[in-house]
Amino acid sequence: GVPVKRLICGVNQNDITHRTISKGEFHRHECMFKTLSDAINIQVPYNMERIFYYLTGGDKVLVKSWMEQMDGTSQLTLPEAWHEKMQQIFASARVDDTAMCQAMKRSVAEFGYLPCPHTAVALGAHFATPADVARVIFATASPCKFQSSVTTALGQEAWKSYEDSSNFPPSARSLFTKEETEPERFAARDTLNSSQDAWEFRLREILGN
């Protein structure tokens, strides 16, 4: 595979992943903060259990005990040795809305690339942490989906310029001329399975039309 020296995790104000990597504190916050990068507003990341599994070399018993402690108390402090091992693999940065907006502006100014707010969080983490090797940043989505966040970061004029440019996805622009469908409320059935089957059937009907 690709030789990877370290994985850098960028998170917003909902920063449990950053606190786990930087301090060894897998502690759940009492509340979730609203941010401009709302798709990564996470209190307890479900994939942390998988990271612990690989970190410990597949020690299922140990990981189970950790997750049971987390489930019961909303707090798990990693033993020092495991925390040190995690820091050999991962680094992290907390990128709040202000830093995200700055990263988006910098990306446009330096690279001519408009990122989505979540990709801008990753860029913010890159800008905030020292790099001694080349880095790859995963862009997670098109900025066309996040008008409010992009406008907050760059201003209405910049959004309009993007919307009118060839960089705006044609498939997204085509939605402007379509009639908006009235929302449909789905009623639950007797069982979970029957509800799922009925919803899948209805969803396929909607998509088919």
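**Ground rules**

The model is predicted, so I took local features at pLDDT of at least 70 and side-chain atom pairs at pLDDT 80 or more, while totals for chains, interfaces and linings use all residues. Residues are numbered from 1 along each chain as its sequence is written, and side-chain values use heavy atoms, with hydrogens and water left out.

**Entry: α2 and α4**

I looked up helix α2 (residues 48-55) against helix α4 (residues 80-89). Helices here are DSSP runs of H or I with at least four residues, strands are runs of E with at least two, and both are numbered from the N terminus. The two helices pack at an angle of about 100°, and their axes are 11 Å apart. I read each axis as a line fitted to C-alpha atoms, for helices over the stretch in contact, with angles from 0 to 180 degrees between N-to-C directions. The pair α2 and α4 is therefore roughly perpendicular. On the scale used, angles under 35 degrees are roughly parallel, over 145 roughly antiparallel, 65 to 115 roughly perpendicular, and the rest oblique.

I then listed the contact, which means heavy atoms within 4.5 Å. From α2 it takes M48, I51, F52 and L55, and from α4 it takes W82, K85, M86 and I89. By class I noted seven nonpolar, no polar and one charged residues for α2 with α4. Nonpolar covers Ala, Val, Leu, Ile, Met, Phe, Trp, Tyr, Cys and Pro; charged covers Asp, Glu, Lys and Arg; the others, Gly among them, are polar.

**Entry: H83**

H83 is also in helix α4. I checked its accessibility and found 12% relative accessibility, so H83 counts as buried. The cut-offs are under 20% relative accessible area for buried, over 50% for exposed and partly exposed in between, with a 1.4 Å probe and protein chains only. Leaving aside neighbours within four places in sequence, H83 is in contact with T20, I21, S22, K23, G24 and L78.

**Entry: α5 and α7**

I turned to α5 and α7, whose axes come within 9 Å and cross at roughly 80°. That makes α5 roughly perpendicular to α7. In this contact C101, M104, K105 and V108 of α5 meet V150, A153 and L154 of α7. By class the contact has six nonpolar, no polar and one charged residues.

I looked at L154 on its own, in helix α7 (residues 147-154). L154 is partly exposed, at a relative accessible area of 27%. Not counting residues up to four places away in sequence, L154 touches M104, K105, V108 and L114. L154 and V108 are 46 residues apart in sequence, and their C-alpha atoms are 9.5 Å apart in space.

**Entry: β1 and β4**

Strand β1 (residues 7-11) is joined to β4 by five bridges, and the two run parallel. Strands pair if DSSP finds at least two bridges between them. I noted that V11 stands opposite R94 in β4. Four of the five residues of β4 (residues 90-94) are buried, so β4 is largely enclosed by the rest of the structure.

**Entry: salt bridges**

The rule is a side-chain nitrogen of Lys or Arg within 4 Å of a carboxyl oxygen of Asp or Glu. By this rule I have nine salt bridges, and I looked up three of them.

- R106 and E110 meet at 2.9 Å, N to O. Both lie in helix α5 (residues 97-111), four residues apart, about one turn of the helix. R106 is partly exposed at 37%, and E110 is partly exposed at 47%.
- R204 and E200 meet at 3.1 Å, N to O. Both lie in helix α10 (residues 192-208), four residues apart, about one turn of the helix. R204 counts as exposed at 58%, and E200 counts as partly exposed at 41%. I also noted a network in which salt bridges that share partners join D15, R19 and R94.
- D164 and K160 meet at 3.6 Å, N to O. D164 counts as exposed at 51%, and K160 counts as partly exposed at 42%.

**Entry: S74**

Last, I checked the backbone at S74, where phi is near 65°, a positive value in a residue other than glycine. S74 sits in the loop between α3 (60-73) and β3 (75-77). S74 is partly exposed, with a relative accessible area of 29%.
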